[in-house]
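Please look over the sequence and the structure shown below, and then read the short report that accompanies them.

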Amino acid sequence: MKKFKAGYVGIIIAVLLVIFLGANSVKIIPTGYTGVRTTFGQISNTVVQSGLNFKVPFIQSITLVNNKQQDVTFEGIISSETSERNEVFFSGTTVTYQINAEKSSWIYANVSNYRNNLISESLVSSALKTVSKTLTPTDVTNRTIIEPLVKESIQASLNEKYGSEVVKINKVVIADATFDNEYNAKIAQKQQAQMAYETQQIENKTSVEKAEAEAKVKVTQATAEAEAMLIEATAEAEANKLLEESLTDTILKQKTIDKWNGELPRVSGENGLMLDVSDIMDTTNVVNPVTE
């Protein structure tokens, strides 16, 4: 009976040992990760791809390396200067990076505590200071200008430090960039002056456009009046021309005769001598001769 129990226990131990050895013989690497195989502490240059992978228990180990996009944020304030020597303060700088899957073994072997030290605060600070000194106060607070430049600067530093295509910088976001209080007050005054200037420009433009519109109306009215007068004058000239062409000497004489009342002129003269012939022509004083 004791032998049976001992054999039963032995079987259980063997099964457990097989299970334990089996569990330590495989490594599942999820998507987005690669594995770094180590044999007696020696790191293999060959990257272990995602999926089910086998290893020798107690002799080999496989460490996961994240190859997805990752963010590292630096909450501390980084002070720098602009090209005009204005002091500027950056805070909340986030760098989005990605480790090249083919370089996972190299990163694991050559960068101590790579999860925390791959992109250091000093490297980001250096990039911010280098870029900001080339920009004006207006551009240094413009995220569309400064962020791509800082990204390029960080990428160049990483390429120089680790080699090209080891770590890729995908994006840089700067949460805030501010100046000292004195300069902020100057900026506020400048913005107010700019707004006042723009408002005045708009008012001036509106006044000019209104004046131009009124002038155009007057020109249009004057043009219409001139055209109307021209049409009227042309019509009158045309009528006079037709009338002139139709008045012949015969017609004029006939019109004169038609308008004569049968009386001769009472005053007639020649060579400047004027005679009143009204008495002579007065037929009421003439006695007709009677033939006796």
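This is a predicted model: local features need pLDDT of at least 70, side-chain atom pairs count only at pLDDT 80 or more; totals for chains, interfaces and linings use all residues.

Of the 292 residues in the protein, 23% are buried, while the protein exposes about 21200 Å², of which carbon and sulfur atoms supply 56%. Among the contacts between residues at least 6 apart in sequence, 65% join residues that are at least 24 apart.

**Aromatic pairs**

A pair of aromatic rings is described by the distance of the centres and the angle of the planes. A search of the whole structure finds two such pairs, and they are set out in the table.

| Pair | Centre to centre | Angle between planes | Arrangement |
|---|---|---|---|
| Trp106 and Tyr162 | 6.2 Å | 75 degrees | edge-to-face |
| Tyr108 and Tyr114 | 6.5 Å | 70 degrees | edge-to-face |

Trp106 is partly exposed, with a relative accessible area of 34%, whereas Tyr162 is buried, at 10% relative accessibility. In the other pair, Tyr108 counts as partly exposed at 28% relative accessibility, and Tyr114 is buried with a relative accessible area of 7%.

Ile59 is placed in the loop between strand 4 (51–54) and strand 5 (60–66), and because its relative accessibility is 33%, Ile59 counts as partly exposed.

Methods: Residues are numbered from 1 along each chain as its sequence is written. Side-chain values use heavy atoms; hydrogens and water are left out. Helices (H or I, at least four residues) and strands (E, at least two) are DSSP runs, numbered from the N terminus. Buried means under 20% relative accessible area, exposed over 50%, partly exposed in between (1.4 Å probe, protein chains only). Contact means heavy atoms within 4.5 Å. Accessible areas come from the Shrake-Rupley method with a 1.4 Å probe; for residues, only the protein chains shown count as cover. Rings of Phe, Tyr and Trp (its six-membered ring) pair if their centres lie within 6.5 Å; planes under 30 degrees apart count as stacked, over 60 as edge-to-face and the rest as tilted.
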